[in-house]
Amino acid sequence: MAPALIAEHGLIGDLQTAALVSTDGDIDWFCCPRFDSPSIFGSLLDDEKGGHFRIAPAEPGYVTKQLYVPDTAVLITRFMTEQGVGEVVDFMPVEEGTVRRPTDRHRLVRVIRVVRGVMRFRTELAPRFDYGRAPHTLDVSEHGAVFRSGDVTLTAHVARTLDWENPERVPHHLGEGVRGEATVREGQIGAVVLESGADGSPHRLTRGEIQTLLRD
């Protein structure tokens, strides 16, 4: 898949770093833990080597548009098909007390929901550390996954409200990624939270945690 045009992106951030989200639901640019840190997702520049974090309908033939929740930096990527209307809601919570104090903890929150009908979503999480130059390890558990490269650790927490069917490891010479699919019906909600500098192992997110993150 060719990289999206720069105009086909929304921006989310937490005042210390930021991510670009394409209209196809692909985070294709993200540096961590600072704006000027090496990239972790960089497929905007190199689709094969750059790395990405994509959540989008599993089947082609959808129409998509992006918008922000009014007066916020919460980005909605809406997917429309004959079967339904689904959304990926992206944001990065600002850690309390860190407006002037740098921190290594950052969270990319990706909420999946269907507002009409039914939609099958596919998630692909394939980081490429240090501009796609550094290898990484991957540990997968029932609650999520942990990627490690040098002194950078990324922890993926998965929502309890959606069970990804047959999640699989995707091999790459720099380290594995993960991929899975789930069918989401009207009223259901799920999420994947990718966290840097996390304390402890991945944990399953509850519906209440997802709603609290979004509300806050």
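Biologist: Which strand is Arg169 found in?

Modeller: This is a predicted model, where local features need pLDDT of at least 70, side-chain atom pairs count only at pLDDT 80 or more, and totals for chains, interfaces and linings use all residues. Residues are numbered from 1 along each chain as its sequence is written, and side-chain values use heavy atoms, leaving out hydrogens and water. Strands here are DSSP runs of E, at least two residues long, numbered from the N terminus. Residues 165-170 make up the one holding Arg169, namely strand S13.

Biologist: Okay, so is Arg169 buried, partly exposed or exposed?

Modeller: Buried means under 20% relative accessible area, exposed means over 50%, and partly exposed is in between (1.4 Å probe, protein chains only). Arg169 has 39%, so call it partly exposed.

Biologist: Which residue's side chain does Arg169 join in a polar contact?

Modeller: Skipping residues up to four places away in sequence, Arg169 touches Leu138, Val140, Glu176 and Gly177 (contact means heavy atoms within 4.5 Å). A polar contact is a pair of N or O atoms within 3.5 Å; within protein, one must be able to donate a hydrogen and the other to accept it, and residues adjacent in sequence count only if both atoms are side-chain atoms. At 2.7 Å, the side-chain partner of Arg169 is Glu176.

Terms used: Helices (H or I, at least four residues) and strands (E, at least two) are DSSP runs, numbered from the N terminus.
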